Amino acid sequence: MNKYLERLFNGIFKENPIFILMLGLCPTLAVTTSASNGLGMGLTTTAVLMGSNILISMLRKAIPDRVRMPAYIVVVASLVTVVQFLLEAYLPALNETLGIYIPLIVVNCIILGRAESYAAKNTIGLSALDGIGMGLGFTIALASIGAVREIIGNGSIFDKIIMPSSYEPAIIFILAPGAFFVLSILTALQNKFKLKSATNGVNGSVTGCGAHCAGCSSSNNCSAINGIEEAKMVANNAEKLVKEKEAENNDSLKSNRE
Amino acid sequence: MKELLIILIGSALVNNVVLSQFLGLCSFVGVSTKIKIAAGMGAAVIFVMTIASAVASIIYDLVLVPANLTYMQTIVFILVIAALVQFVEMVLKKYSKGLYNALGVYLPLITTNCAVLGVALINVKKDYGFVTSVVNGIGTALGYTIAIIIMAGIREKMEHNDIPLSFKGSPIVLVTSGLMAIAFFGFAGLL
Amino acid sequence: MKYTKIIKDALVLFVITLIAGVALGFVYEITKEPIKDAKAAAKQEAYLAVYGDAKNFEQNAKLDETVKQYEAILAEGGYSNVTIDEALEARDAGGNVIGMVLTVTTKEGYGGDITITLGVSKDKLVKGMEILTINETAGLGMKAKEDKFKSQYKEKTVDQFIVTKTGSTADNEVDALSGATITSNAVTGAVNAGIYFANAYIGLGGEQ
């Protein structure tokens, strides 16, 4: 039983997808204008994450390795659509507020990341709990970011005004820039507390949302959960290419002069 | 014509994908280190997003709507985009070495770039026709390119600045994005 | 050997996609009715909110016919970018027609279309306004959903509301949402178009 509990809490505390792994940035910023929006998005993602972990764990022996990424995408996209129907039917208001960010759960790297790094290798029960744990961790993070933004930006929490009427809300915090500021401060705090153990402290464990999950299908030894890291690798490769080209140009210039 | 122009400006500047809709953030943070690289990424995004908007719009209008399968849009779009990127990569590799060298490295990053899927979904949601969808795709991609190049420019300068240790890396990039987002509010007056 | 492997892989992928597609279709069929019901319920609720005195809302052939010609009618009043989606008669408990409810969509919102419902009584009194769909900036345009803004249209007999930024002093003046003039103008435009349509219908001899 212990290892099941361990799985559940792993996602909430030890490997919280947003605070520790920095996964799933896009919805994190876009829908956290209020605590209840954050909570709704978090729970929606949790449902998808649990479902996809269960299904992929079930299918893990049937899915050939070479086509696993497209297969995962199909499974996740269908689940997201199902969840969208259910929301539309039973929680239309939530569906309305989250709008386009619900179908975009498909490209949220938490989902494919967990499928690739956990569900594909573990039993159904453990995978389900992993999905719930990770999802709840995501939910808590979203709801608290939403709460911070709502309190500062609107003087309320869960749509209840809590600040005294003399408080003039800093609307900027529920607008786009506020999202960047809040996340930036959270990341900085995380860096601060990790400084002691981290070797250089600079962007310690900062990875990102789904940049490169499906791209992995072409190469075998890549972990799907490295959004920003992957992007940085690409940037480095590109830099190398640019430099090579410049060097070539310089060479040809030199030889021309000679 | 006027309407198309409004859509173009609207999606490129006023409702910038990165700064106001938060799509394509990871590559925005990850690739915006040097102006040259950012420009390469921007070009790749413009290329793919334009084609993807066109293809998604055609498939939606000619296949999904007649077959009454519009509810399959998410699954169809993501598969189409993934396949499209692979296909573009193959074609470029074979027929245009120059273009492949310039854009090839960035293509894998774009497959699950939420901005590409996002544009396809927005086009459908807003009932855009074929031409409008393509214009919206180009506008959005232009907005992405503008944002990432400006960001790369700022980051190149920022290298010489004394930034608090815990803000180095992503946090300072996020603060900068926030300030850019404020600046982009100014474009709202354009419409 | 290699080809059989590729074919096998492709086949598995195909089967997964097929099953997913069929399952989706199945869920779609199941949820189709509840989705329709939810939308109808939301509409009914909004209608009651904008016309509390009415007991039920019914279709009327002449009204439907007039709705079909909304473009020409609104053009006369100088309203463009606005559509009248639906208009229903509002009847009281005794079955008497006391006014109408309208669903109006404007394309002039900041974040896209805004759809509102509007209740207008026979004697041109605006009974209320509710917002059905809106996709404006949170914290700015989204405040249009708050009672403070909506109630400005309530229980007023005017031909046209005007948005003001300096504090409303007259019945026909509406305080703009701070930082969201575009949204305020869009909603007010939709309300005005609705009023104009309702008045035009009465003018056409619509039995109200």
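Chat on chains A, B and C

Me: What do residues 40-59 of chain A look like, helix or strand?
Reply: Over residues 40-59 of chain A the chain is 100% helix and 0% strand, and the end C-alpha atoms lie 29 Å apart. Helices (H or I, at least four residues) and strands (E, at least two) are DSSP runs, numbered from the N terminus. This is a predicted model, where local features need pLDDT of at least 70, side-chain atom pairs count only at pLDDT 80 or more, and totals for chains, interfaces and linings use all residues. Residues are numbered from 1 along each chain as its sequence is written, chains are lettered from A and ligands numbered from 1 in the order in which they are written, and side-chain values use heavy atoms, with hydrogens and water left out.

Me: Which spans of chain A does UniProt list as "transmembrane region"?
Reply: The unreviewed entry gives residues 40-59, 71-92, 98-115, 127-149 and 169-189 of chain A. UniProt positions are in the numbering used here, feature names are shortened, and annotations may be inferred rather than shown by experiment.

Me: And how much helix is in 169-189 of chain A?
Reply: Residues 169-189 of chain A are 67% helix and 0% strand, with the end C-alpha atoms 24 Å apart.

Me: How many helices and strands does chain A have?
Reply: Chain A has nine helices and two strands. Along the sequence the pattern is α-α-α-α-α-α-α-β-β-α-α.

Me: Switching to the interface. How many residues of chain A and chain B are in contact?
Reply: 54 residues of chain A contact 52 residues of chain B, contact being heavy atoms within 4.5 Å.

Me: What area is buried there?
Reply: About 4500 Å² between chain A and chain B, with 79% of it from carbon and sulfur atoms. Buried area is the accessible area (1.4 Å probe) that two parts lose on being put together, summed over both. Ile100(A), Val107(A) and Phe180(A) supply 13% of what chain A buries against chain B, more than any other three residues.

Me: How many salt bridges across it?
Reply: Zero between chain A and chain B, taking a side-chain nitrogen of Lys or Arg within 4 Å of a carboxyl oxygen of Asp or Glu.

Me: Now chain C. Which residue is listed as "FMN phosphoryl threonine"?
Reply: UniProt lists Thr181(C) for that modified residue, in an unreviewed entry. Thr181(C) is in helix H5 (residues 181-203) of chain C.

Me: Is Thr181(C) buried, exposed or partly exposed?
Reply: Thr181(C) is partly exposed because its relative accessible area is 26%; buried means under 20%, exposed over 50%, and partly exposed in between (1.4 Å probe, protein chains only).
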